[in-house]
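Here is a short briefing for a reader new to this structure. Take a first look at the chains, then read on.

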Amino acid sequence: MDPRFIRNFSIVAHIDHGKSTLADQLLLQTGTITQREFRDQILDDLDVERERGITVKARAVAINYEQDGQVYELNLVDTPGHVDFHYEVSRSLAACEGALLLVDAFQGVQAQTVANAYAAIESDLVIIPCINKIDLPVVRTAEVLDEMNSVLGIRPEEVLMVSGKSGIGITDVFRAIVERIPAPSGDSTAPLKAMIFDGKYDNYRGVVTYVRMREGRLRKGMKIALMRKGTSHEVLEVGQFRPNMAPCDELGPGQVGYFIAGIKELGGVHVGDTVTEANRPASDPFPGYKQPQQMVFCGMYPIEKTDFEKLRDELSKMSLNDASFTFVPETSDALGFGFRCGFLGMLHMEIIQQRLEKEANIDLIQTAPNVTYELLMMDGEIQKIDNPQDVPNTGGIKEFREPIVKVNFILPVDGIGPIMQLCADRRGIYKSTEYLGTTRAQLVYELPLAEVIYDMHDRLKSITRGYGTFDYEIIGFRPADLVKVDILVKGVRVDALASIMHRDNAERRGRGLCKRLKEEISKHQFEIPIQAAIGTRIIARETIAALRKNVTAKCYGGDITRKRKLWAKQREGKKRLKQFGEVEIPQKAFLSVLDVSDDM
Amino acid sequence: MTERTGVFPATGDTAFVETLAPFRVPRSAYIHVPFCRHRCGYCDFTLVAGRDDLIERYLSAMERELATLQTPRSVDTLFLGGGTPTHLAPAQLERFLELLRTWFDLARDAEFSVEANPRDLLESDRVNVLARLGVNRISLGVQSFDDTVLKRLERDHQADEVERVVEHLSRLIPNVALDLIFGVPGQTLESWRATLERAIALRPAHVSTYGLTFEKGTTFWTRRSKGELSPAPEDLEYEMYALAMDRLPAAGYGHYELSNFARPGRDCRHNETYWAGRPCFAFGPGAARYIAGVREIGHRSTTSWLAKVEAGESPVGYREELTAEDRAREALIVGLRRTRGVSRDEFARDHGFNLDELGRSAWDRLCQRGLIEATEGGYRLTRAGRFLADTVTVEFVGTT
């Protein structure tokens, strides 16, 4: 393929601004898929993605497009749109020369529009700005053009008006891709040099590696080397996604596709690594990517002890397809043997957890998530804390540090006051306000990540009636006056309920936590005191009264079936209880650490 | 519960009992009479209120349903429940009881019970019919001797009337059982104590005490969710139940089942059938038949039930086939409701399971918690266990 006729691009947008619908439309109009094959969001092949309408894993599709008698190969590299997946966004962008930036004609510029647009600009991509969904009954096109201009410096005359859903303006999109995005360059006779931008694990064929070709050719039967580790492999198949895997003879400069080389583990393939010829290596490899940082952790424990190995297998399987997810075995006095799992963010955690429950069919107890902390000890050592129960109870801590993020809110102006109040309550440091036209503004804060991950999204949505959005990036660790709050249930310290919080909030949150637990734990034969403590000091207490009477009054012929079903249901519910001393605690209680809102 | 075919008879067919081993043939029959003057706010039983126009159709339909027996059956207990069986007019009641007597041969010492609303027995006409046709036990829906509580329960009688009814029953059908309800919104411990005393003073053979339950679909349920009715506090309900448990035995009534007390020899033999997990015939809407491990319940809607019978179709609205283990677990659960508890030998003989294996570690656990105690040949609830019987039950139920 002559590189002059290749265009590599991605589509970036805020969530729900119509990225997947537009992608589907591009495939449909070029006959890459037929109407019959057409399903909503064809690029999202994980069930979870389809269900939640978000793209998690990048994919790449080769589209043949004909214009003025010339056939072009357009490679659409899909990117995830959510804040948790910045890392995947940037590596997808590195495979492209251009990006379509989609903005919803009604919602306008949102936090992830800004984040994604900057990511594209940083990757030196040509941006084709589009206002999407112009056929909506209510649009504010003129204002949206203003917002794009004031926040991103986009000139109104560059902007295309489209509707991915009905196909309006799609021809303009194709023309702009061909005319505005530069063709890739590269010497097809030079030694092979391709960049790995993703990979997936196939049960039968091993690792399928996604590459963007820079120089040389990649053919079946070639002996290749992965430069980072110097491992070499024989290429068994090369191909492109159309949109299913379609083998081809070779890939040349500028092309995007995949190869299979009998690599057994996804761990053997590093995103950002350089693929070259074993006998004729390229002189300078790509700089590579830094590994993603897991910032959110939670414990996952099987309810049945015997499921521990099964859970390990499932987690391993999961991590094959998602290198940004980690897990290590841990033990809890309360929950037994389980795993400490690390995620990029909350959405990432929810997705993994849903997939586990769906695909693995293991009953799990999941502990409330926490961020990762750093402890500077008296002896100068720095300890990384992924689990509140690892905080030493004895002294020796010189400094307790927590991760700080820069948060970028985009919201209607009448939400500024309440959000500033919320951020102040959450220990935020105000940075700036910028007005985008007359009705909306961009607000920047520095906040502890711990204060952001739990319910910032929900609070923002409720304060702004759904119109506010935010995005964040980690800027580092800072010392704070943090304490570990323990929970004692009938005198027994339940390690899995421990949490780390700011000293100023400890009493209020401790009280809220005890109240929540009182609601979650059902009555027992005896009274159950629930206490919150910092070290040995009790800061809050609630008491669950004893269960006194629990009798089905009538049990005659006609009642038995119905009562039996009722009891069976209760019995089923008991499976998700865990025994602590004499007290049974339901799974939900372990998440209640999360739900302690400010007003409790 | 797996559906099996071939082994079991068609739905609604009872004639197949011919093929059963003698000990599996029911010796009890339950008849449901779904008529009431009005529906009380707490009641979710199968009944129609103010539809006396359906009574004649019901009587003809029962004639057809009973005919599925093909041949008269000998029974030890026959029980008419409702609804209100005594809501039938005396002539209808007479025809109905005659019909039942043609299909059921009462054994020599058989127990023939009829549930009755006190007000229906104020006059002697129905009492005479009942006595003449062999009814030898009356279960009276007294509920309370406190008129405020009766009003709250939406009952149509007054406390004084009960005394008159019991008085004139004493000559013809002296075996009288009184049903009482505690834990009624607004009811005090003193009101309950007075009700118990007045019940005892009438010297009935049997007393049932039921803690009020809020059932889905009743007006009580709706009013509770709207906050218009507040259930009795759990502590008060406890005190009330404890009072019954102390007071009735002191007056000579043995606490033989969680909600039932009786003078010696006056336990309700019909209800013992259920708690022993024994088979039972049943006819009428909402009535639950249990034969050879198959439970069939008539349509709970009286009009659907009527339409089915009249069309010559099976009026069964729900059917379940229990596996041997399901049956045994069920028998264990209902068996524990009896004060005598469950016995290892009887259980193995009647249900084919070893009690200890079926309960596994639950027995020890519950013994440690003081809810269960070992008896000579088995297990039973302790006094503490009777207050928390459902907590115990859940330990033994299967998870289907």
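This is a predicted model: local features need pLDDT of at least 70, side-chain atom pairs count only at pLDDT 80 or more; totals for chains, interfaces and linings use all residues.

Chain A and chain B bury about 3400 Å² between them. Chain B holds an open sheet of 9 strands and an open sheet of 3 strands.

**The interface of chain A and chain B**

- The contact draws on 27 residues from chain A and 46 residues from chain B.
- Of the buried area, 52% lies on carbon and sulfur atoms.
- On the chain A side, Arg548(A), Lys549(A) and Tyr556(A) lose the most area to chain B. Together they account for 22% of what that side buries.
- The size of an interface is often given as the accessible area lost when the parts come together.

**Polar and charged links across the interface**

- There are 9 salt bridges between chain A and chain B.
- In a salt bridge, the side chain of Lys549(A) meets that of Glu237(B), at 2.8 Å from N to O.
- Lys549(A) is also among the residues of chain A that lose the most area to chain B.
- Polar contact links 25 residue pairs across the interface, with both residues at pLDDT 80 or more.
- The side of chain A that touches chain B has 11 charged, 9 nonpolar and 7 polar residues.

**The sheet of 9 strands in chain B**

- The strand order is β9-β10-β8-β7-β6-β5-β4-β1-β11, and the pairing is mixed.
- β9 (254–257) and β11 (281–283) of chain B stand at the edges. Each has a single partner strand, so one side of each is left without a neighbour in the sheet.
- From one strand to the next, the twist averages 20°.
- Inside this order, β6 (residues 137–143) and β7 (residues 176–182) of chain B pair in the parallel sense over 4 bridges. Leu140(B) stands opposite Leu178(B) in β7(B).
- Helix α2 (residues 90–103) of chain B lies across β1 (28–33), β4 (73–82) and β5 (104–116) of chain B. The helix runs at about 150° to β5(B).

**The sheet of 3 strands in chain B**

- The strand order here is β12-β13-β14, with antiparallel pairing.
- β12 (288–291) and β14 (316–321) of chain B are the edge strands, and each pairs on one side only.
- The twist averages 15° from one strand to the next.
- β13 (residues 294–298) of chain B pairs with β14(B) in the antiparallel sense over 5 bridges. Ile297(B) stands opposite Tyr318(B) in β14(B).

Definitions and conventions
Residues are numbered from 1 along each chain as its sequence is written. Chains are lettered from A and ligands numbered from 1 in the order in which they are written. Side-chain values use heavy atoms; hydrogens and water are left out. Contact means heavy atoms within 4.5 Å. Buried area is the accessible area (1.4 Å probe) that two parts lose on being put together, summed over both. A salt bridge is a side-chain nitrogen of Lys or Arg within 4 Å of a carboxyl oxygen of Asp or Glu. A polar contact is a pair of N or O atoms within 3.5 Å; within protein, one must be able to donate a hydrogen and the other to accept it, and residues adjacent in sequence count only if both atoms are side-chain atoms. Ala, Val, Leu, Ile, Met, Phe, Trp, Tyr, Cys and Pro count as nonpolar, Asp, Glu, Lys and Arg as charged, and the others, Gly among them, as polar. Two strands pair if DSSP finds at least two bridges between them. Helices (H or I, at least four residues) and strands (E, at least two) are DSSP runs, numbered from the N terminus. Axes are lines fitted to C-alpha atoms, for helices over the stretch in contact, and angles run from 0 to 180 degrees between N-to-C directions.
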